[in-house]
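These are my notebook entries on a structure that I looked up. The sequence and the coordinates come before my notes.

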There are 2 protein chains.
Amino acid sequence: MVERIPILKMGNFLLLSIQVDMHDQLALDLQEDLTAQIVKHRSRGVLIDISALEIVDSFIGRMLSHIAQVSRILDAKVIVVGMQPAVAITLVELGLSLEGIATALNVEKGMRRLEKMVDDDMILEPESGEARDISVEAGD
Amino acid sequence: MVERIPILKMGNFLLLSIQVDMHDQLALDLQEDLTAQIVKHRSRGVLIDISALEIVDSFIGRMLSHIAQVSRILDAKVIVVGMQPAVAITLVELGLSLEGIATALNVEKGMRRLEKMVDDDMILEPESGEARDISVEAGD
């Protein structure tokens, strides 16, 4: 039924909750919508809630990795939250370790972790943070 | 595929995003889960995102009203956010005015509105607010 997965803006971050079976087109649309929203709102982080998923296959694993890679290039961190224990076991059994994807137990913990990651980033690279803002302004 | 709609805790509030076709059992489970979470986290407000819904029928309309009524009894406010324009038109045409349900354009606006509603409540009824906290503590 759903044709687009809603992306909710929460301050500097975006939140999306995956509740439906992913198929190729939905995954492509999600990546497109998400990158557009990251750029539009200059979001620094993305929280992906997968607590509704009881099964994760290699397709979703790859999609999450892909989203994380693209987001990183756009200077946004990705945190996957709410993973069910059985899903974590399946991922390891499938050989999908979700490398480069941070996880947290729930949205609140994920949000705090994202805030910390973004703060650390600003302290470590104040110059690049400013440079990014300026280049985005120039692009408007 | 999804058997439960995830309810995300965000501070004092709960957030849920309806993305799938609702049927009787799913609606009942949602009401049950939501009331349990409101009591567990002593939540003061519930944000229901329906931006993924392109069609709303009288079943969903009634479910939203029911959730709002039950939440009010548990001293939590409900705000429906992200309603698409076509959905608003359909609701009026169906004669479902969602009475007693506050709405907001998006999650951020809804969150601010909930914060205001809860603050106003505390100012108007400081006694009942305290009484509620004490009675909940005693129940633990």
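The entries below follow the order in which I consulted the model.

**Entry 1: the two chains.** I note at the outset that this is a predicted model. I looked up how chain A relates to chain B, and found that a rotation of 180° with 0.0 Å of shift along its axis superposes chain A on chain B, with an RMSD of 0.0 Å. That is the relation of a two-fold axis. I then turned to the contact residues: 100% of those of chain A recur in chain B, so the same surface serves both copies.

**Entry 2: the sheet of chain A.** Chain A holds an open sheet of 5 strands, and I recorded their order as S1-S2-S3-S4-S5, with mixed pairing. Which strands are the edge strands? They are S1 (7-10) and S5 (102-104) of chain A, each of which pairs on one side only. Neighbouring strands of this sheet are turned by 25° against each other on average, with direction ignored.

I next examined one pair of strands. S4 (residues 77-81) of chain A is joined to S5(A) by 3 bridges, and these two strands run parallel. Within the pair, A:Ile79 stands opposite A:Ala102 in S5(A).

**Entry 3: helices on the sheet.** Helix H1 (residues 24-41) of chain A packs on the sheet and touches S1, S2 (13-17) and S3 (45-49) of chain A. The direction of H1 makes about 160° with that of S2(A). Helix H2 (residues 58-73) of chain A also packs on the sheet, where it touches S3 and S4 of chain A. The direction of H2 makes about 150° with that of S4(A).

Entry 4: In soluble globular proteins, nonpolar side chains tend to be buried together. Leaving aside residues up to four places away in sequence, A:Ile48 touches several residues, among them A:Leu16, A:Ile18, A:Leu64 and A:Val80.

**Entry 5: A:Asp121.** I found A:Asp121 in helix H4 (residues 107-124) of chain A. Is this residue buried or exposed? A:Asp121 has a relative accessible area of 15%, which means that it is buried, the cut-off being under 20%. The side chain of A:Asp121 makes a polar contact with the side chain of A:Arg44, at 3.5 Å. Not counting residues up to four places away in sequence, A:Asp121 touches A:Arg44, A:Asp75 and A:Lys77.

Methods
Residues numbered from 1 in each chain as written. Chains lettered and ligands numbered in written order. Predicted model: local features only at pLDDT ≥ 70, side-chain atom pairs only at ≥ 80, totals over all residues. Heavy atoms only, no water. Least-squares fit on C-alpha atoms with pLDDT ≥ 70 in both. Contact = heavy atoms within 4.5 Å. Pairing = 2+ DSSP bridges. Helix = DSSP H or I, 4+ residues; strand = E, 2+ residues; numbered from the N terminus. Axes fitted to C-alpha atoms, helices over the stretch in contact; angles between N-to-C directions. Buried < 20%, exposed > 50% of the residue type's maximum accessible area, 1.4 Å probe, protein only. Polar contact = N/O pair within 3.5 Å; in protein donor to acceptor, adjacent residues only side chain to side chain.
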